[in-house]
Structure formats: structure tokens, C-alpha cells
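I'd like to walk you through some side-chain geometry, so let me put the structure up.

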Amino acid sequence: MNNTASRIVATTTGALVLVLGSNMMSSLAHTSHRWQGIDLTASAHPTEVAPDVTDRAYDVESSWRSSVRADTSALTSATCDNCSGHSATLQVIYARWPKEIEVDNAAVAWSSCSTCGGTALSVQVVVVQGSRKVTANNRALATNAACEECDTAALAYQLVVATPHGERLSREATKDLRAWVDEQDRLLRDGTAATPRALARESASGADSLEQLVNDDLDSRTKDLNVDQM
């Protein structure tokens with residue numbers, strides 16, 4: 001529900017598949033076998049005692065010859081007047097020869113208060129070698145309930161790269177990736193109404209986009225790009 005002077009923006013940039021060499025990726029139902037779990041969450045929930053809360057989480061994980069289920073999320077809630085919360089995650093996953101892989105990325109922000117709000121940004125980059133079963137899910141949700149002067153936004157980016165030789169992002173590219181996420185987090189906090197939509201468009205075609213950053217470093221190409229905006 002939106003009351004006076006409230007703003008909700010949720011933008012999902014999902015199903016971005018980058019390919020090195022031949023395409024090895026498809027979405028199939030998983031079979032029954034042992035899974036390795038990889039999780040990363042940033043969670044910001046301000047209170048009257050701590051009215052301004054920020055949580056950031058960065059991680060790089062590798063997996064070898066096991067099925068992978070990876071969940072990346074940024075969660076923010078503001079339920080006290082004059083409170084502000086901000087969460088941001090970046091997870092990079094390298095999966096070599098998994099039997100199959102399921103990756104899930106979510107950014108969720110909600111507010112129920114007065115003169116308050118929050119942002120949630122989640123970025124997941126997955127580099128897969130040698131798997132024919134990949135399922136990817138990506139979503140962003142921002143909502144206000146019984147709010148006055150609320151400002152709430154969520155943004156989610158997910159990239160999946162299929163690589164035949166186990167390529168990894170260079171140290172410099174990984175550093176640039178973190179800087180890119182920090183910049184998107186800053187822009188999201190700025191609160192201009194057009195920012196999340198502009199970011200989504202930049203992810204599809206901008207010179208400094210996440211897509212181009214990864215493509216340039218891995219010498220990959222974009223096979224499929226699906227951008228949803230709300």
C-alpha cells in the first residue's frame with residue numbers, strides 16, 4: 001500500500017546468461033542426489049535504539065564436482081519512525097563440473113513507519129564449467145505498508161556464465177566488480193525516482209555495466225538478457 005509521499009521501486013535484472021565457447025546451459029528439474037549449499041545474506045533491520053543500520057556482505061566461493069544450491073539475498077525492513085536501513089550483497093560463485101546447479105538471488109525491502117525507508121541490493125555472478133542442468137531465479141521486491149513519507153527500493157542483478165575451460169575473473173575485475181556494486185548501492189540510496197530503472201537499462205547496454213565488465217574480462221558474449229521492471 002502506498003500513502004502520501006511514499007515511493008516504492010523494485011527492479012529485477014535477471015536471466016542474464018553469458019557464454020564462453022559453446023552453450024552448455026539449460027534449465028531442467030533436479031534429480032535426487034547430494035547438494036552443496038552456498039549462502040550469503042545481508043540483513044538490515046533498524047530499531048528505535050539503532051535507527052540507522054547498514055549491512056554489507058561480499059563473498060567468493062568455489063565448488064568442484066558436486067551439485068550446488070546457492071542463495072544470495074539482501075533483506076531490509078524499516079518498522080520504526082525516522083528509521084533507515086540498507087543492505088547489499090555481492091556473491092561470486094565458481095562451479096566446476098557440478099552435476100547440476102540451482103542459483104537464487106533476491107533483494108527485498110519493506111517499510112511500515114513514518115519518515116523512514118530502506119534499500120536492498122543483491123548481485124550474484126555465477127561461473128559454471130561443464131554443467132547441463134542450471135536453474136536460475138532472480139527477483140526484487142519493495143513494498144510500503146501504512147507508511148507516510150516512506151522511500152523503499154530494491155534491486156537484484158544475476159549473471160550466469162558458461163565456460164568450457166574454468167575461466168575466473170581476474171583480480172582487477174573482481175576489484176572493479178566490488179566497486180561497481182558499491183556505486184549501484186550509492187545510487188540506490190540517493191532516492192531519485194528514476195535511478196533503479198536507469199540502472200536496469202545500463203545493465204543491458206551501458207558502457208560501465210555489470211554485463212560489459214564481466215564480458216570484457218572473460219571474453220564472453222551475451223546469449224540471453226531478460227530485464228523486468230516494476
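Let's start with a quick one: is the link of Cys80 and Cys83 left-handed or right-handed? It's left-handed, with -105° about the S-S bond. Before I go on, keep in mind that this is a predicted model.

So, staying with that disulfide: Cys80 is joined to Cys83 with an S to S distance of 1.7 Å, and both Cys80 and Cys83 are buried. In total the structure holds 3 disulfides. The next one runs from Cys113 to Cys116, at 1.8 Å from S to S. Here the torsion is 95° about the S-S bond, and the link of Cys113 and Cys116 is right-handed. Cys113 has a relative accessible area of 6%, so Cys113 is buried. Cys116 comes out at 7%, and because buried means under 20% relative accessible area, Cys116 counts as buried too.

Then there's Cys147 with Cys150, where the sulfur atoms are 2.1 Å apart. The torsion about that S-S bond is about -85°, so the disulfide of Cys147 and Cys150 is left-handed. Cys147 and Cys150 are both buried. If you number the bonded cysteines of the protein chain in sequence order, you get the pairing 1-2, 3-4, 5-6.

Okay, on to the rings.

Arg69 lies over the face of Trp35, at 4.2 Å from the ring centre.

Next, the nonpolar packing. In soluble globular proteins, nonpolar side chains tend to be buried together. The largest nonpolar core here has 23 residues, and the ones that touch the most other members are Leu121, Val123, Leu169, Leu177 and Leu210. Which elements give two or more residues to this core? Those are β5 (84-96), β7 (114-129), β9, α1 and α3 (210-218).

Not counting residues up to four places away in sequence, Leu121 touches a whole list, including Ala74, Ala88, Ala107, Leu155, Val181 and Leu188. Tyr157, from our aromatic pair, is also among the residues that Leu121 touches. And then there's a second, separate core of 11 residues, which includes Ile93, Ile101, Val103 and Val134.

Last stop, a polar one. Where is Ser66 found? In the loop between β3 (52-64) and β4 (67-78). The side chains of Ser66 and Gln36 are joined by a polar contact of 3.0 Å. Setting aside neighbours within four places in sequence, Ser66 is in contact with Gln36, Trp97, Pro98 and Lys99.

Key. Residues are numbered from 1 along each chain as its sequence is written. This is a predicted model: local features need pLDDT of at least 70, side-chain atom pairs count only at pLDDT 80 or more; totals for chains, interfaces and linings use all residues. Side-chain values use heavy atoms; hydrogens and water are left out. A charge sits over a ring if NZ of Lys or CZ of Arg is within 6 Å of the ring centre and within 35 degrees of the ring normal. Helices (H or I, at least four residues) and strands (E, at least two) are DSSP runs, numbered from the N terminus. A polar contact is a pair of N or O atoms within 3.5 Å; within protein, one must be able to donate a hydrogen and the other to accept it, and residues adjacent in sequence count only if both atoms are side-chain atoms. Contact means heavy atoms within 4.5 Å. A nonpolar core is a set of buried Ala, Val, Leu, Ile, Met, Phe, Trp, Tyr and Cys residues joined through side-chain atoms within 4.5 Å. Buried means under 20% relative accessible area, exposed over 50%, partly exposed in between (1.4 Å probe, protein chains only). A disulfide is a pair of cysteine sulfur atoms within 2.5 Å.
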